[in-house]
Amino acid sequence: MRQRKRILFVINPISGGKKKTAFNKQVLEVLDLEKFDPTFKITDHANHAFELGKSAIEEGYDAVIAVGGDGTINELGSAILGTDMPLGIIPEGSGNGLALYLGIPLNESAAIRRINRFETSEVDTGVVNGRHFFNIAGLGFDASVSDRFAADNIRGPIGYLRSAINVLSDFQPSTYTLQIDGKEYKREAFMVSVANSPQYGNNAYIAPQASINDGLLDVCIVKKFPLYLFPKMVFHLFTKSADQSEYVEIIPGKEITILRDEKGPVHVDGEPVEMGKTLEITIKPRSLKVIC
């Protein structure tokens, strides 16, 4: 009898505002138990998924599965980065940007069946001031929204929308100096997003042409625009046409430095992280193996 692959499901119980009490039972019903031997662990504090990922390497698991959103994926992916251990994804977040880009079904059973195939692909990893990101990192408006959302008690898309409206009411653009592969740009911007994949989540595309395995990051500069055009900017996001807006400039690059006037939050795959005035951003090509 062939040996079954040992896989660890790391479950974030609060991601996306969804209860996951029946998840283990569903895995046991859908997962091919002739091929796989599943173990389940639940996160209960910040960075716990990262710790469980490191332990999984030491304990000889064949794969780890993130059951959560982009933040859970980020912690697990950062833990196993550069190893041969693949990362699986069961999308349970508020936006599920990376999963949507990779074509992983949002339906739990369908996502579990995808793991049964155990087909993998290598994807790029962004790095901002030593922190890894697999989807998008950003500063300005979206970082302020992530910061507000993290402090809120309402999860899911409704909570995120509420945070965005609250931040929008008094948000002011900032001036940034950007150095991208040796060229310098100075821009007054509403926000700057550095995209490894095209979308934030919920099919909101900030960088429609971005690819997760092209060895490049797309620097998306959303310039200052009249607030009455905010609905039009949102329309561009959800029609994959942000790059057609006169207020959006997208510059691909590998070595990126962003200078700003004040320190503040930077969202790293949707999670706010306090960082300084200078952001050093690079890319590690094809550095993470993902089950997709």
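Phe23, Gln26, Val27 and Val30 in helix H1 meet Glu108, Ser109, Ile112, Arg113 and Asn116 in helix H5, where contact means heavy atoms within 4.5 Å. By class, that contact has 4 nonpolar, 3 polar and 2 charged residues.

This is a predicted model, in which local features need pLDDT of at least 70, side-chain atom pairs count only at pLDDT 80 or more, and totals for chains, interfaces and linings use all residues. Residues are numbered from 1 along each chain as its sequence is written, and side-chain values use heavy atoms, with hydrogens and water left out.

Now the geometry of that pair. H1 covers residues 23-30 and H5 residues 108-117; they pack at an angle of about 50°, with their axes 10 Å apart. That makes H1 oblique to H5. Oblique is what remains once angles under 35 degrees are called roughly parallel, over 145 roughly antiparallel and 65 to 115 roughly perpendicular. The crossing of H1 past H5 is right-handed, that is, the near helix is turned clockwise from the far one by less than a right angle.

Next, helix H3, residues 70-80. Of its 11 residues, 10 are buried, meaning under 20% relative accessible area, with exposed over 50% and partly exposed in between, for a 1.4 Å probe and protein chains only. Among the buried ones are Asp70, Ile73, Leu76 and Ile80. After H3 comes glycine 82, with a positive phi near 85°.

Last, backbone angles. Most residues other than glycine have a negative phi. Phenylalanine 118 has a positive phi of about 55°, and lies in the loop between H5 and strand E5 (120-128). Arginine 286 has phi near 45°; this residue sits in strand E17, residues 278-291, and is partly exposed at 45% relative accessible area.

Methods: Axes fitted to C-alpha atoms, helices over the stretch in contact; angles between N-to-C directions. Helix = DSSP H or I, 4+ residues; strand = E, 2+ residues; numbered from the N terminus. Nonpolar A, V, L, I, M, F, W, Y, C, P; charged D, E, K, R; others polar.
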